[in-house]
Amino acid sequence: MSVPRLVYDDDCGFCTFCVSHALELGEFEPVGFSELDENDDLRARLPDDYEECMHLVTDRAVYSCGEALEQVAKRTGAAGWWLTAAARGLPRYPEARETLYRWAADRRALWGKLARSESLSKR
């Protein structure tokens, strides 16, 4: 099986920070939106509105938005991934996951500032 590709907004500082962290924890091929070509096989597998969120592309599936983040957490063993596994059985879990993802994504400028100040404080 080939390495899953993590497709993300490489123009977003917070998105880039998150992908860098994912690469520290697991094996993914990072692919920024700016690297996609309209005639590319990878681009063809993504939804039309692919620039709205991140995607995890495997040989067999394409996971988008909150589901992509959930898959990344599961594959890296990131803290709290087991919470999503436990929550999957709850009613309306997929809707809640996507709502939470969208809420966080809509505030990426704020998270980017927090991530920058965190990395500066560690120097």
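Mentor: G66 is found in helix α3, which covers residues 66-76. Helices (H or I, at least four residues) and strands (E, at least two) are DSSP runs, numbered from the N terminus. The model is predicted, so local features need pLDDT of at least 70 and side-chain atom pairs count only at pLDDT 80 or more, while totals for chains, interfaces and linings use all residues. Residues are numbered from 1 along each chain as its sequence is written, and side-chain values use heavy atoms, with hydrogens and water left out.

G66 has a relative accessibility of 3% and counts as buried. Buried means under 20% relative accessible area, exposed over 50%, and partly exposed in between (1.4 Å probe, protein chains only). Leaving aside residues up to four places away in sequence, G66 touches R97, E98 and Y101; a contact means heavy atoms within 4.5 Å. From C-alpha to C-alpha, G66 and R97 are 5.8 Å apart in space, although 31 residues separate them in sequence. The buried residues of α3 include A68, E70, Q71, V72, A73 and T76 as well as G66.

Next come the residues at the two ends of this helix. C65 sits in the loop between β4 (62-64) and α3. Its phi is positive, about 55 degrees, and C65 is not a glycine. Most residues other than glycine have a negative phi. C65 is buried, with a relative accessible area of 17%. Just after α3, G77 also takes a positive phi, of about 70 degrees.

Further along, R92 is another non-glycine residue with a positive phi, here about 65 degrees. R92 lies in the loop between α4 (81-87) and α5 (93-105). At 62% relative accessibility, R92 is exposed, whereas C65 is buried.

Now the chain around this part. There are six helices and four strands, and from the N terminus the order is β-α-β-α-β-β-α-α-α-α. The chain has 123 residues, of which 34% count as buried. Among contacts with a separation of 6 or more, 49% join residues 24 or more positions apart. The accessible surface is about 8200 Å², and carbon and sulfur atoms hold 53% of it; accessible areas come from the Shrake-Rupley method with a 1.4 Å probe, and for residues only the protein chains shown count as cover.
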